Amino acid sequence: MREDWRSVGEGIWRRQGTGPHIAVVGSLHGDEPAGAAVVEELLRDHGLDWEAAGDPTVTLAVGNPQALALGERVVSHPTNADFLPPKFGKRPTPGLGNTA
């Protein structure tokens, strides 16, 4: 990990730039490890030229690090429901998908 990435929370890293803000969230569900792998690869940087890309502020996050560590889909409640504005109504029923 290059020194321009700093940890800003559990499973969250940020690279401060002067351009637009880009957020990448992976592994919202703990049984979906591919998203966390993408976050890890972006942290490795591989010589990415962020300045040539408009010098964005980039936030990388593992959406549910506790569930990922356990290899479980969720720990306490469906994390998709955390992103539902109140106007969409009730939380989705676990196991039926997000029907909002």
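## Sheet architecture

Strands 3 and 4 run parallel and are joined by six bridges, strands here being DSSP runs of E of at least two residues and helices runs of H or I of at least four, both numbered from the N terminus. This is a predicted model, in which local features need pLDDT of at least 70 and side-chain atom pairs count only at pLDDT 80 or more, whereas totals for chains, interfaces and linings use all residues. Residues are numbered from 1 along each chain as its sequence is written, and side-chain values use heavy atoms, with hydrogens and water left out.

Taken as a whole, the sheet is open and mixed, with four strands in the order 1-2-4-3, where two strands pair if DSSP finds at least two bridges between them. Strand 1 (5–9) and strand 3 (21–26) form its edges, each pairing on one side only, and from one strand to the next the twist averages 20°.

## Strand 4 and its partners

On its other pairing, strand 4 (residues 57–62) runs antiparallel to strand 2, to which four bridges join it. Trp 13 has Leu 60 of strand 4 as its bridge partner, while Ala 61 of strand 4 stands opposite Ile 12 and also opposite Val 25.

Strand 4 is mostly covered, six of its six residues being buried, that is, under 20% relative accessible area, with exposed meaning over 50% and partly exposed in between (1.4 Å probe, protein chains only). Thr 57, Thr 59 and Ala 61 point one way from the strand, and Val 58, Leu 60 and Val 62 point the other way.

Strand 3, helix 1 and strand 4 together make a right-handed β-α-β unit; a crossover is right-handed if, with the strands pointing away from the viewer, the path from the first strand over the helix to the second runs clockwise.

## The surroundings of Arg 15

Arg 15 belongs to strand 2 (residues 12–15) and is buried, with a relative accessible area of 2%. Its side chain makes polar contacts with the side chains of Glu 51, at 3.0 Å, and Asp 55, at 2.7 Å; such a contact is a pair of N or O atoms within 3.5 Å, where within protein one must be able to donate a hydrogen and the other to accept it, and residues adjacent in sequence count only if both atoms are side-chain atoms. Leaving aside neighbours within four places in sequence, the residues in contact with Arg 15 include Trp 5, Trp 50, Thr 57 and Val 58.

Key:
Contact means heavy atoms within 4.5 Å. Axes are lines fitted to C-alpha atoms, for helices over the stretch in contact, and angles run from 0 to 180 degrees between N-to-C directions.
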